[in-house]
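Dear colleague,

Please find the structure below, passed on for your attention.

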Amino acid sequence: MSDVESRVSTHYSTTNLIDAIRAALEKAGVDPDAPGLDDLKPVDEFHTGGVEATDALIDQLSITPETRVLDIGCGIGGASRHVAARTGAHVRGIDLTPDFIAAAKALSAATDMADRTSFTTGSALDLPETDASADLALMFHVGMNIEDKTRLFSEAARVLVPGGTFALFDVMRGSDRPLTFPFPWAEQADFSFVAPPETYRQAAAAAGFSQVGERDRSEFAKAFFDRVFKRIEEAGGPPPVGIHLLMHDTGPEKIKNYVTHLQAGDIAPVEMIFRRNAPQSPRHQTRETRSWLT
């Protein structure tokens, strides 16, 4: 793990995360030993718009029970479980943060999704997967912590079959004005790598992808946050189960900075969909075969 990756992992690490989620579920009146998938949605989809944004992206994709899906930067596994439950596909999640992977496994077991999801600690820049072993790679709000976008796309291309799809939803740069930290993805600038859409397009092209879709989701995000803030105001505070469980004491400041820069046009959540259309680069070395279900 590189020094930057170590700082990113530390940023997301949360002591006793499962205990905190269980306590929040109990406070919300949910049996922590048998929560439903919907009970976890406020906390387990740690990206702008939550499950609404997940559905908005996968609605544009063709996913069947036979589709081999890789969730790059899966967090605590919410999007993986949602995709598996909605489509019947098996989803394998990879994340840099061991605390997140432990939580993802525990939550999948608690929701009877352990046979349709699996999770492994690993880097998006060195995916612990064999060549051409996925039909679809998904990525939700991960690229902001990755400086080397070219290597990110190269690894995605390596693990995808020719014709495979890489669909992502990241926060990207809308201006060159300075950003005020902290943000949900970084307490400080030294491990924040928010880049403009063109950086993603260039990295994708270099890795042998063709772009088949792109959508700026700024207006959706603004409306989403308006609804969230209204509910919190009406309730007199945040609900027991929410993404605040993942953001430590600086959570409110992180969200405030995010929304301020979103409204100013300095950052924008953007969907991009790419298709791998070139032969695998000879510089990649084939790795030993591994089962998707282990």
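Where in the chain is M113 found? This residue lies in the loop between α6 (98-110) and β3 (117-121). Please bear in mind that the model is a predicted one.

M113 has a relative accessible area of 4%, under the 20% cut-off, and is therefore buried. Leaving aside neighbours within four places in sequence, its contacts are L37, R81, A84, A85 and S108. Of these, L37 is 76 residues away from M113 along the chain, yet 9.2 Å separates their C-alpha atoms.

When residues up to four places away in sequence are not counted, E271 touches Q60 together with A56, L57, L168, F169, G213, E214, R215 and R217.

The third place is a pair of helices. In general, two packed helices are described by the angle and the distance between their axes. Helix α4 (residues 50-58) and helix α9 (residues 218-235) have axes that come within 11 Å and cross at roughly 155°. Because this angle is over 145 degrees, α4 is roughly antiparallel to α9. The crossing of the two helices is right-handed. On the α4 side, G50, E52 and A53 meet F220, F224 and R227 of α9. The residues of this contact comprise 3 nonpolar, 1 polar and 2 charged.

With kind regards

Methods. Residues are numbered from 1 along each chain as its sequence is written. This is a predicted model: local features need pLDDT of at least 70, side-chain atom pairs count only at pLDDT 80 or more; totals for chains, interfaces and linings use all residues. Side-chain values use heavy atoms; hydrogens and water are left out. Contact means heavy atoms within 4.5 Å. Axes are lines fitted to C-alpha atoms, for helices over the stretch in contact, and angles run from 0 to 180 degrees between N-to-C directions. Helices (H or I, at least four residues) and strands (E, at least two) are DSSP runs, numbered from the N terminus. Angles under 35 degrees count as roughly parallel, over 145 as roughly antiparallel, 65 to 115 as roughly perpendicular and the rest as oblique. A crossing is left-handed if the near helix is turned anticlockwise from the far one by less than a right angle, and right-handed if clockwise. Ala, Val, Leu, Ile, Met, Phe, Trp, Tyr, Cys and Pro count as nonpolar, Asp, Glu, Lys and Arg as charged, and the others, Gly among them, as polar. Buried means under 20% relative accessible area, exposed over 50%, partly exposed in between (1.4 Å probe, protein chains only).
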